[in-house]
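Got a new structure to look at and a few "how do you know?" questions in mind? Let's go through them one at a time.

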Amino acid sequence: GALDFLAVGETLTLTYTAFVDNNFGPNNETGSATFTITITGTNDAPTITSGPQEGTATEIADGAAGENSTEHTANGTIKFADVDTVDTHTATVTENGSGYLGTLTLGAIDPTDNSLTWDFKVNDALLDSLADGQTLKQTYTVTIDDGKGGTVTETITITIVGTNDAPTITSGTQAGSVTEVADGATGENATEHTA
């Protein structure tokens, strides 16, 4: 455990000198020998130190201000640790499904505190397909790579909640006409007119 700070291939050389004294007479005989210990490090993967990453977006009610024009957002910060302090980290994100609504993007890794921000955005108009109270869970996997073969993953869960949308008419104007059969003409008072 004391060696975790050494990165892969990094070496630490320790040198010790041993002294020998025969403690005999006024002219003690002494000698010395040097011992060299070389310690070579291996890679230690990063670890996640922050809590669960979650966000929510709720569709705006039918006819309410901002319906179909508001952009819903959610964001958070992932924190991680790496005992190999010389490692340089990168991060990628993958959707764990298809047909996801909105987009999730990652910010740049801040090496001063090993933090990574994420930002989710979705337009309200894209949520119309969800019924009242219906929820859609979208999960994303963020992978942090130390560049030396070590990785760690964190899951971001976005919950999207629908509201009711009233039905709308999509056809044109509905009209029809009927003309009364002339007085004394065939079918007068017996014809059934339709439209």
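Q: How far apart are the mean positions of the positive and negative charges of the protein?
A: In this predicted model, they sit 10 Å apart, with 4 positive charges and 28 negative ones going into the means.

Q: Why is the pair of Tyr 100 and Tyr 140 called edge-to-face?
A: The ring centres are 5.3 Å apart, and pairing needs them within 6.5 Å. The planes meet at 70°, and over 60 degrees counts as edge-to-face, so that's the label this pair gets.

Q: Why is the pair of Phe 120 and Tyr 140 called tilted?
A: Here the planes are at 55°, which falls between the 30 degree limit for stacked and the 60 degree limit for edge-to-face, so the pair is tilted. Phe 120 is in strand E8 and Tyr 140 in strand E9, so the pair ties together parts 20 residues apart in sequence.

Q: How do you know that Phe 120 is buried?
A: Buried means under 20% relative accessible area, and Phe 120 has 0%, so it's buried. Tyr 140, with 1%, is buried too.

Note on methods:
Residues are numbered from 1 along each chain as its sequence is written. This is a predicted model: local features need pLDDT of at least 70, side-chain atom pairs count only at pLDDT 80 or more; totals for chains, interfaces and linings use all residues. Side-chain values use heavy atoms; hydrogens and water are left out. Rings of Phe, Tyr and Trp (its six-membered ring) pair if their centres lie within 6.5 Å; planes under 30 degrees apart count as stacked, over 60 as edge-to-face and the rest as tilted. Helices (H or I, at least four residues) and strands (E, at least two) are DSSP runs, numbered from the N terminus. Buried means under 20% relative accessible area, exposed over 50%, partly exposed in between (1.4 Å probe, protein chains only). Lys and Arg count as positive and Asp and Glu as negative; His and the chain ends are not counted. The place of a charge is taken as NZ of Lys, CZ of Arg, CG of Asp or CD of Glu.
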